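Visitor: I have just opened this structure and would like to learn how to read it. Could you take me through it step by step?

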Amino acid sequence: MNPVSHKEAGFFALMRTSFPSNSMSLPEYITLNGTNYATAKLPEEARMQVQNIQVVDAEIGRLQQQLAIAQTARNAYSAAVVNAIKVPASESPVPEKKARKPRKPKAE
């Protein structure tokens with residue numbers, strides 16, 4: 001059973017070519033708009049679309065993992081920039097002390 005009809009083209013057809021047709025099993029029940037449906041009783045077209053949803057959900061999960069990896073790398077690069085900019089304490093200039101105003105003489 002190929003979940004994508006031969007007439008269908010585009011994103012879902014491309015997505016399904018990456019996965020064998022038996023790699024994902026359908027859940028026993030699905031809920032749409034608050035109504036439960038037994039997937040075994042759904043029309044073939046509906047079952048195909050449920051499988052397509054599963055493929056897209058898997059791809060979204062994969063992309064979220066890739067995004068997390070990229071964000072972690074970006075944070076590491078940012079920290080490296082900050083560390084590269086920091087001047088070691090031995091090389092940092094010593095701030096000049098402000099001159100104090102002279103003290104008033106004590107009244108005797």
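Guide: Gladly. Residue numbers start from 1 along each chain as its sequence is written, and side-chain values use heavy atoms, with hydrogens and water left out. This is a predicted model, where local features need pLDDT of at least 70, side-chain atom pairs count only at pLDDT 80 or more, and totals for chains, interfaces and linings use all residues.

Visitor: How many helices and strands does the protein have, and in which pattern do they follow along the sequence?

Guide: There are two helices and two strands, and reading along the sequence gives α-β-β-α.

Visitor: What does pLDDT tell me, and where is confidence lowest and highest?

Guide: pLDDT is the predictor's confidence in each residue, from 0 to 100. The protein has a mean of 80, with 71% of its residues at 70 or more. Confidence is lowest in helix 1 (residues 11–16), with a mean of 42, and highest in helix 2, at 97. Over residues 1–21 the pLDDT is below 50, and this stretch has 31 contacts in the model beyond near neighbours in sequence; contact here means heavy atoms within 4.5 Å. Where pLDDT is low, the predicted coordinates should not be read in detail.

Visitor: How do strand 1 and strand 2 run, and how many bridges join them?

Guide: Two strands pair if DSSP finds at least two bridges between them. Here, strand 1 (residues 29–32) and strand 2 (residues 35–38) run antiparallel and are joined by four bridges. As one point of reference, Thr 31 stands opposite Asn 36 in strand 2. The hairpin has two residues between its strands. Back at Asn 33, phi is near 50°, a positive value in a residue other than glycine.

Visitor: Is Asn 33 buried or exposed?

Guide: Buried means under 20% relative accessible area, exposed over 50%, and partly exposed in between (1.4 Å probe, protein chains only). Asn 33 has a relative accessible area of 84%, so the residue counts as exposed. For the protein, buried residues make up 16% of the 108 residues.

Visitor: What should I look at in helix 2?

Guide: Try its length. The expected span of a helix is 1.5 Å times one less than its number of residues. Helix 2 has 42 residues and reaches 62 Å from its first C-alpha to its last, close to the 62 Å expected. Its buried residues include Met 48, Val 50, Val 55 and Val 56.

Visitor: Which salt bridges can I find there?

Guide: A salt bridge is a side-chain nitrogen of Lys or Arg within 4 Å of a carboxyl oxygen of Asp or Glu. A search of the whole structure finds two. One joins Glu 44 to Arg 47, with the closest N and O atoms 2.6 Å apart. The other joins the side chains of Glu 59 and Arg 62 at 2.8 Å, N to O.

Visitor: Why might residues three places apart in a helix point the same way?

Guide: An α-helix has 3.6 residues a turn, so residues three or four places apart point the same way. Glu 44 and Arg 47 are three residues apart in helix 2 (residues 44–85), about one helical turn. Glu 59 and Arg 62 are also three residues apart in helix 2, again about one turn. Arg 62 is partly exposed at 40%, and Glu 44 is partly exposed at 32%.

Visitor: Which residues does Arg 47 contact beyond its neighbours in sequence?

Guide: Leaving aside neighbours within four places, Arg 47 is in contact with Leu 26, Thr 39, Ala 40 and Leu 42. Arg 47 is buried, with a relative accessible area of 18%.
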